[in-house]
Amino acid sequence: MAFIDEAKFFVKAGDGGNGCVSFRREKFVPKGGPDGGDGGDGGDVIIEASKRLSSLIDFRYRSHFMAERGVNGQGKKMHGRNGADHVVKVPAGSLIKDAETGEIIADLVEDGQKVLVAKGGRGGRGNTHFASSTNRAPRVAGRGKPGDEHWLRIELKILADVGLVGLPNAGKSTLLSKLSAAHPKIAAYPFTTLEPHLGVMRFGHHPPYIIADIPGLIEGAHEGAGLGHKFLKHIERTRVLLHILDGSKPIDEVIADQQIIEQELGRFDETLLNRRKVIVLNKMDLLEDIKQSEKLAVIFADKNISVLAISALTGSGIDALKQYLAAILEQRIDE
């Protein structure tokens, strides 16, 4: 099933019920006067964030959401029932926009957070409200007002503590499987990751942390090259970025790979350059020069970037990486 992170949908609030034209009819009560009840108000359309959802897959099969209309008023001053609200559940991290103007309506990041996107129409008044000293038998009643309706666009930005970024075939998927219980597709060719994957890292007594892995970046990703450009938005909310590099390459190629990552992140969103980052040198089991990781650590230290060397395949250095991430996320390490 494809990962859906954008959708366009239509919302329609309920129309208000019509007011009633009615007159009191009882034995021995001549000219009882008007007794038409008011129409009920239409239901609202509300969008609610839920952490139980992780994709917008439901919007593939349904694109119209409508609340119930109000019930018409009746005689004997009986008011019509209000229409039921319609609540649309979306994943936490959803951005709601007006489809025509692009205006941001709400950014739902908390579980249970709600926003009213379409207000129900007000019910019409019964003819009792139109009686006066000069018109004691009004034969008019108010019509219910129509509910709001418009097209909206929803964009999902995954809520995660740690984001994994890197060039294709750097070992991000393997690392995610070592840091968490996730089982992403792993193969010895580029672009095995075709959609974002989430994993939960558990380490000792520390609370669980969410890790997001996005498809590999290539040069020009911010302009649409490769797959990473489509999913870069999913790391905008992360607290820490892990730059996964193939540490088995020559030093100059490792540095060039890091520059490509920085360049693409900056061109997509400059604020990502100021995000706490950790360089993870992967595939250390393939490295012949055991001092290469130390040389790279010195080079990146001049840029005030932390470096950890691991082998996602063999599991070497994984526990140290988990401990380091837990310390950062609990703000035990000075940023």
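A: Phe28 is found in the loop between E1 and strand E2 (45–50). Helices (H or I, at least four residues) and strands (E, at least two) are DSSP runs, numbered from the N terminus. The model is predicted, so that local features need pLDDT of at least 70 and side-chain atom pairs count only at pLDDT 80 or more, while totals for chains, interfaces and linings use all residues. Residues are numbered from 1 along each chain as its sequence is written, and side-chain values use heavy atoms, with hydrogens and water left out.

Although Phe28 is not a glycine, its phi is positive, at about 70°. Phe28 is exposed, with a relative accessible area of 73%. Here buried means under 20% relative accessible area, exposed over 50%, and partly exposed in between, with a 1.4 Å probe and protein chains only.

A second residue, Lys283, also is not a glycine and has a positive phi, of about 65°. Lys283 lies in the loop between E13 and H5. At 19% relative accessibility, Lys283 counts as buried.

E1 belongs to an open sheet of five strands, in the order E3-E1-E8-E5-E6, with mixed pairing. Strand E3 (64–66) and strand E6 (104–108) stand at the edges, each with a single partner strand, so one side of each has no neighbour in the sheet. From one strand to the next, the twist averages 25°. Axes are lines fitted to C-alpha atoms, for helices over the stretch in contact, and angles run from 0 to 180 degrees between N-to-C directions.

Two strands pair if DSSP finds at least two bridges between them. Strand E1 (residues 6–12) runs parallel to E3, and three bridges join the two. With strand E8 (residues 149–156), E1 pairs in the antiparallel sense over seven bridges. Val11 stands opposite Phe65 in E3, and Val11 also stands opposite His150 in E8. Further along the sheet, strand E5 (residues 94–98) is joined to E8 by five bridges, and the two run antiparallel. There the bridge partner of Ile96 is Ile154, in E8.

The account now turns to E12. Seven of the seven residues of E12 are buried, and the strand is mostly covered. In a regular strand the side chains alternate between the two faces of the sheet. In E12, Val240, Leu242, Ile244 and Asp246 point one way, whereas Leu241, His243 and Leu245 point the other way, and all are buried.

Strand E9 (residues 162–166) runs parallel to E12, with five bridges between them. The bridge partner of Val165 is His243, in E12. E12 also pairs with E13 in the parallel sense, over seven bridges, and Leu242 has Val278 in E13 as its bridge partner. From E12 the chain crosses through H4 to E13, and this β-α-β crossover is right-handed. The term means that, with the strands pointing away from the viewer, the path from the first strand over the helix to the second runs clockwise.

An α-helix has 3.6 residues a turn, so residues three or four places apart point the same way.

The buried residues of H2 pack against E9, strand E10 (197–201), strand E11 (209–213), E12 and H6. H2 is mostly covered, with six of its eight residues buried: Lys172, Ser173, Thr174, Leu175, Leu176 and Leu179.

Two packed helices are described by the angle between their axes and the distance between the axes. Helix H2 (residues 172–179) and helix H6 (residues 318–329) pack at an angle of about 75°, with their axes 10 Å apart. That makes H2 roughly perpendicular to H6. Angles under 35 degrees count as roughly parallel, over 145 as roughly antiparallel, 65 to 115 as roughly perpendicular and the rest as oblique. Leu175, Lys178 and Leu179 in H2 meet Ile318, Leu321 and Lys322 in H6.

How values were computed:
Contact = heavy atoms within 4.5 Å.
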